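Trainee: I would like to learn how to read a structure of this kind. Please take me through it step by step.

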Amino acid sequence: MSQLRPEQLAAGLGKRLAPVYFIYGDETLLVNECADAVRTATRDQGYADRQVFSVETGFDWDCLLAAADSLSLFSEQRLMELRLPTGKPGRQGAQVLRDYAERPPEDTVLLIVSGKLEPAARRSKWVQALEKAGVSVPVWPVGLRELPGWIDARMRRHDMHAGREALQLLADRVEGNLLAADQEIEKLFLLHGPGEVSLEDIESLVTDSARYDIYGLVDMAMAGDAAHTQRILGGLRAEGVDPVLVLWALTREIRSLAGMARDIQTGTPPGQAMAARRVWDKRKPLVSGVLQRIRGRQWWAMLQRCALIDRVIKGRAAGSAWDELLQLALRLAGRAPIRPAEIPGYD
């Protein structure tokens, strides 16, 4: 029927309810808020009965169809909630969901709350059937560039306002942890109240709850943001992430980029080179930028650096794995190698 963004869902629920709401993504805070909005709307519109099904190992999918075919004992209208944390219903579950979507029972709303769907799952017949029968709400992570705007909108719900620098500082301290961002805004409201929130307020009241991942490191290096790349790498080190994983992520991306650079150098159009390696549309500007910044034998030199770091990690070459990873990430970011001792705040 339609696909809505999370911020559009409330307006959609004010109209006639759809027979199916399919909410999926791995941003837990936003997924839960969307699901709560559906629960509240159904309750307000007289769907007093609620049945919950959690898909775990050994889940009996027939019970979902049986429940759909039975009448509610307590209410003429009911909400059936299916929790699908893996986003993978399996062959039987996929067929049951397709059957349900083809003939949804009257006076019943099915709410499906799912984890992140892989690209192949989003193209599958069971997902298409659910989207055709009702409303789907994909929930995507809020990126660092969008995070200050998200925080600003969230603060304005409490009549709080902050300048650009204060918003960026708060975003830096809760990066990758939207739940912490929401909690810090609630804490600011309790301690500070409505009104203007200064940079000093953020510095004194907001703790550093940022969480990083190896993929964010790769993307930030590709974007050419050396300072943030350094910060993420320091965060991964502080969190105890194995340097092997960091090297794996960097090497995989560098190898792919080197292949694309070679194809383009031998006459393949950039769009065709990216399509051959299944670069998503969303990442194409990022990939194009780094391919224009780093050329030719520089890719070969970076792959040699990856091999050297592998030997350092295995103890077969001298050096510090984290120092070498920093040098590699900064090269990918387009910055000249810098010795860690020359970088403030990295130890």
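Trainee: Is Asp 107 buried, partly exposed or exposed?

Mentor: Buried means under 20% relative accessible area, exposed means over 50%, and partly exposed lies in between, with a 1.4 Å probe and protein chains only. Asp 107 has a relative accessible area of 42%, so Asp 107 is partly exposed.

Trainee: What should I know about the source of the coordinates and the numbering?

Mentor: This is a predicted model, in which local features need pLDDT of at least 70 and side-chain atom pairs count only at pLDDT 80 or more, while totals for chains, interfaces and linings use all residues. Residues are numbered from 1 along each chain as its sequence is written, and side-chain values use heavy atoms, with hydrogens and water left out.

Trainee: Where does Asp 107 lie?

Mentor: Helices (H or I, at least four residues) and strands (E, at least two) are DSSP runs, numbered from the N terminus. Asp 107 sits in the loop between α4 (90–102) and β5 (108–114). Its phi is near 60°, a positive value in a residue other than glycine.

Trainee: Which loop holds Arg 278?

Mentor: Arg 278 belongs to the loop between α14 (270–276) and α15 (284–293). Arg 278 is not a glycine, yet its phi is positive, about 55°. With a relative accessible area of 73%, Arg 278 is exposed.

Trainee: How many salt bridges does a search of the whole structure find?

Mentor: A salt bridge is a side-chain nitrogen of Lys or Arg within 4 Å of a carboxyl oxygen of Asp or Glu. The search of the whole structure gives 17. One of them joins Arg 50 and Glu 81, at 3.0 Å from N to O. Arg 50 is in strand β3 (residues 49–54) and Glu 81 in strand β4 (residues 78–84), so this pair ties together parts that are 31 residues apart in sequence.

Trainee: Is Glu 81 buried or exposed?

Mentor: Glu 81 counts as buried, because its relative accessibility is 0%. Arg 50, at a relative accessible area of 43%, is partly exposed. Glu 81 also meets Arg 83 in a salt bridge (3.0 Å, N to O), and Arg 83 is partly exposed at 33% relative accessibility.

Trainee: Which residues are linked in a network of salt bridges?

Mentor: The network links Asp 36, Arg 39, Arg 50, Glu 81 and Arg 83. Another salt bridge is formed by Arg 103 and Glu 102, with the closest N and O atoms 3.8 Å apart; both of these residues are exposed.

Trainee: What domains does the assignment give?

Mentor: Domain bounds come from an automatic or database domain assignment. Here the protein chain has domain 1 (6–139), domain 2 (146–206) and domain 3 (224–333). Contact means heavy atoms within 4.5 Å, and the contact of domain 1 and domain 2 takes 4 residues from domain 1 and 5 residues from domain 2. The centres of domain 1 and domain 2, taken over C-alpha atoms, are 33 Å apart.

Trainee: How much area do domain 1 and domain 2 bury between them?

Mentor: Buried area is the accessible area (1.4 Å probe) that two parts lose on being put together, summed over both. For domain 1 and domain 2 the value is about 370 Å², with 63% of it on carbon and sulfur atoms.

Trainee: How many salt bridges are counted between domain 1 and domain 2?

Mentor: The count is 1 salt bridge. Arg 154 and Glu 33 form a salt bridge in which the closest N and O atoms are 2.2 Å apart.
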